[in-house]
Amino acid sequence: MRRFFVLWGFLMTFLVSGFTPSLAGESTMAWPWEASDLSPDSRLHYGRLENGFRYVLFPNDHPRGRVHMHLFVQAGSRHEAEGQEGLAHFLEHMAFNGSTHFPPGSLIHFFQEIGMNFGGDTNAHTAFDRTVYDIVLPEGKPETLARGLQVMADYAGGLLLPPEEIVRERGIVLAEKRDRDSAAYRMQQAEQAFLFQGTRIPERPPIGLESVIEGAGQAEFRAFYDTWYRPERMVLFLVGEMDRKAVEEEIRLKFAPLRSRAPAQAEPDLGESSHQGLKFFYHAEPGSGGLQVAIGKVEPLPFEAHTLASEEASVLRYMAMRLLGLRLERLKERPDTPFLSAVAYTHDLYGRLRMTDMRAACDPEHWEAALALLTRTLREALVQGFTQAELDRVRGELVAWFESQAAAAARRESGAIAASLLRDFYGDNVPVAPETMAEQILPFLGDVPLSGVNRTFRELWGGNHRLVRLMGEGLSSQEVALRQAMRRIYLEAGHLDAGGLEERGALLFPYLPPPLEKNTVQQVWEDEGLGIFDVLYADGTLLHIKATDFEPDRVRMRVRFGTGRAGEPWPGLSFLAADTLNFSGTSVLTQEDLNTVLAGKRVSLRFGMDVDHHFFDGEARRAELGDLLHLLRAQLEDPGFREEAFSLVRARYLRGIREAAGSVDKSFERMGPCFFTGGDPRFCPPEEGDLSAWTVGDIAAWLGPVLASAPLEISLVGAVDPDAAMALVGNILGMRAVRGDQSIGVPAEAPAFPEGGRMEARVKASPPASLVQWGFPVSGEVSSLRHRGLNLLSGVLKERLREEIRENLGAAYSPFSYYWAYPLWSEWGGIMAGVSLAPDQVELVGKNLLSLARDLGDGALDGELLERVRGPLLNSLVTRQQDNRYWLYGVLDGSVRWPEQRNWARTLLEDYKAWTDADLRELAREVLDPQRASLLHIRTEE
């Protein structure tokens with residue numbers, strides 16, 4: 001339980017500031033349940049070798065064949081001494097560059113040979129207090145598991161760290177450091193230095209110091225590796241299909257020989273954060289796009305074992321801060337609210353610190369009002385407390401969450417189980433079975449009194465200090481003057497009333513009267529080969545159903561209708577329209593009202609649009625499919641188009657424009673689709689000047705008739721009973737007054753690919769950086785076989801870019817290649833290839849990229865290269881077929897407009913297997929023509 005609610009806080013922090021702390025406490029070699037009244041999941045098997053090395057096994061058969069393997073090492077940037085800053089992360093890179101059983105340059109090829117994808121199935125990450133190595137095996141056969149375990153054993157104790165490999169990898173690490181160095185990252189680092197002053201946290205960011213990265217040699221790496229990579233500091237996790245006893249024997253064989261190679265050292269002291277009184281902090285960061293205003297506190301925390309009592313206390317803390325967050329959400333419905341988004345959360349860091357915080361994003365001209373409103377809202381909650389109605393909503397949310405977790409426990413996906421286990425061990429938490437935790441926490445939730453939550457809220461915000469922060473760009477005043485203004489606003493606002501929230505009467509949902517006429521089924525077809533039912537209703541509504549057991553108790557829904565961006569009355573209006581509808585709720589209930597009445601249910605619905613259609617994406621528990629359909633009906637028949645929602649969406653969009661102006665990556669996201677479609681307005685985001693003429697009425701006039709009268713194509717996948725679903729759709733949605741001019745999938749003209757085009761744009765950002773992308777146009781009718789060949793070719797090109805630009809040149813961290821196409825335009829598409837670089841490397845690497853692409857057609861693409869790419873791809877597709885999202889978005893949705901995709905699903909694997917290296921070389925000669933390629937280059941100003 002604690003793992004979810006603390007993680008919630010982490011996600012909120014990450015979304016707002018990019019700050020991603022860890023949960024782990026002081027290093028411990030004990031199992032978390034040894035000091036707890038909680039018991040681990042009974043499906044868990046665990047053990048400890050004589051050298052102290054531990055392992056955790058969780059046999060699981062979903063998806064079939066896959067085994068997730070993770071080596072958790074209690075060693076991260078926290079453990080770096082002076083002069084070692086960055087070695088923990090650099091060492092993680094070096095694990096792929098030579099070990100006892102895998103010479104330099106062989107490990108990635110080995111992964112590919114057994115059907116694993118580098119970066120997807122095998123990866124690693126370094127954090128403040130840990131390093132984790134990941135392998136996802138394509139099968140659980142004894143010989144495959146033995147080879148995977150050998151890789152992990154080499155990570156643990158067999159790294160060679162050759163000096164020449166250190167030199168070669170140095171450029172890749174520096175490229176990663178350059179890619180991370182953004183306005184958001186610098187702002188996060190500055191905030192950490194203020195919040196956690198006196199501790200090791202701001203002194204040891206995992207990416208490290210450039211001087212250490214450039215100067216470290218084998219001796220420095222060996223010192224860190226031998227000191228901290230000790231068997232007693234490691235835990236191996238395996239989740240998936242396996243012979244448990246055979247795996248345990250193999251673990252003993254591979255890991256028992258591990259020995260400590262240096263004297264043990266004490267865990268580095270985290271330090272003490274001892275804030276007192278009111279503190280005000282301002283950090284200017286050009287290029288951040290706006291401002292963040294925050295009020296919080298950081299206090300020391302004694303380490304506490306994970307027990308049922310601590311879990312219940314965590315629930316109370318979460319509830320208290322969720323209540324504050326909901327008040328901030330409701331404030332956004334006011335037309336004069338000065339912030340664009342706001343969150344509130346609390347979380348514990350490393351078992352030693354507790355941070356409690358609330359923050360808002362706003363435009364520079366509104367920071368004073370935003371700070372005043374945050375202050376007043378916090379004070380009002382502290383003085384007056386929350387209401388029973390507010391508590392009931394949060395209680396309903398939590399009950400629904402625990403119930404859904406328990407219902408899904410019997411059929412969890414192995415990757416999700418592995419991720420949950422890792423989070424538990426990061427935080428020294430007991431990995432309790434979801435259904436067991438629900439049994440223990442649900443009664444507690446039912447008894448939580450309002451007084452207890454209010455008391456917990458006051459305890460969280462108690463103490464004698466507040467940390468008030470203002471971070472971002474757009475303020476011209478001097479820092480001293482700004483801090484004085486912050487103090488004045490904060491102190492004055494604390495004595496004012498926040499104005500309260502509008503008290504709503506009893507909210508009813510569903511509130512629409514029953515349909516005048518139920519919709520009747522006219523015809524049902526069954527596709528036995530794919531296990532799909534197709535249903536035609538009297539008004540032309542089409543329903544596709546595929547029942548699966550991939551996600552117990554969950555139903556996913558996609559509703560397709562209308563003409564999408566192709567029908568927008570003003571070019572670019574679609575970029576504001578979707579979220580305006582999402583934030584408006586219905587004409588009777590605001591979005592927060594809907595959230596309140598649905599708080600006890602796991603129902604969600606989101607509107608969006610593509611170039612040729614609108615859609616609703618939804619999901620619900622099996623028993624709540626009717627609620628989901630009622631919500632859909634309300635959005636279709638009684639949509640809300642609210643001025644305050646439109647104003648909020650427009651302000652957020654303008655902030656995005658400002659962020660793009662100071663970021664190479666974000667500028668590329670805005671310009672790329674527009675450039676590579678020849679300036680097609682369906683792909684070109686509007687500029688700031690375009691927005692001033694639009695109103696919410698323009699959106700209502702466009703979307704209102706479409707929602708009311710467009711024919712619907714509904715797809716349902718998951719834990720759904722076909723007969724019950726057919727009846728619910730007909731009874732709840734009823735007969736619709738369908739208009740023929742809103743038909744599904746109206747043909748739209750394809751965009752023009754800019755063959756041979758060139759575009760360069762400059763942005764004001766730092767440090768110096770460039771991003772280049774080449775687009776190779778594809779022409780001719782694309783069959784399923786050709787489509788799969790183009791996907792394969794893009795994968796082969798990506799592999800060559802990785803080998804040459806990343807591994808050999810060391811010029812980039814993550815070069816990319818992919819095939820971009822739309823089913824509705826069978827002759828349009830392109831293979832896109834690009835890389836983020838230092839500006840002085842653009843010409844060299846650009847020539848290299850084009851040469852690599854051309855060489856694939858001239859003979860560089862051989863059978864060995866093809867199989868290294870195809871094997872991992874086929875394994876990923878087998879897993880994909882066991883995912884409801886594949887069936888919903890890849891097979892069912894749009895099959896009326898494009899019925900061929902059903903047949904494409906039948907030949908998915910066979911099409912990829914049919915391509916030979918000779919066939920693919922011929923395709924490469926046709927498509928990867930440098931003379932036809934277009935280039936988009938975004939760079940910082942000199």
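Author: A helix here is a DSSP run of H or I, at least four residues, numbered from the N terminus. The model is predicted.

Reader: Where does that put L161?

Author: L161 sits in the loop between α4 (142–157) and α5 (163–180).

Reader: Why is L161 called buried?

Author: Buried means under 20% relative accessible area. L161 has 0% relative accessibility, so L161 counts as buried.

Reader: What is the omega of the peptide bond from F509 to P510?

Author: Omega is near -5°, and the bond is cis. P510 belongs to the loop between α16 (479–493) and β12 (521–527).

Reader: What kind of peptide bond joins S766 and P767?

Author: A cis bond, with omega about -5°. P767 is in the loop between β19 (758–763) and β20 (770–777).

Reader: How many cavities of 30 Å³ or more does the search find?

Author: The whole structure gives 3. Among the residues closest to its centre are R412 and L421.

Reader: What makes up the lining of the second largest cavity, by class?

Author: It has 6 nonpolar, 1 polar and 4 charged residues. Helix α13 (residues 414–426) gives the largest share, 4 residues.

Notes:
Residues numbered from 1 in each chain as written. Predicted model: local features only at pLDDT ≥ 70, side-chain atom pairs only at ≥ 80, totals over all residues. Heavy atoms only, no water. 1 Å grid on protein atoms, 1.4 Å probe; cavity = no way out; pocket = protein on both sides within 12 Å on 5 of 7 lines; lining within 4 Å. Points joined across faces, edges and corners; volume = space filled by probe spheres on them. Helix = DSSP H or I, 4+ residues; strand = E, 2+ residues; numbered from the N terminus. Nonpolar A, V, L, I, M, F, W, Y, C, P; charged D, E, K, R; others polar. Buried < 20%, exposed > 50% of the residue type's maximum accessible area, 1.4 Å probe, protein only.
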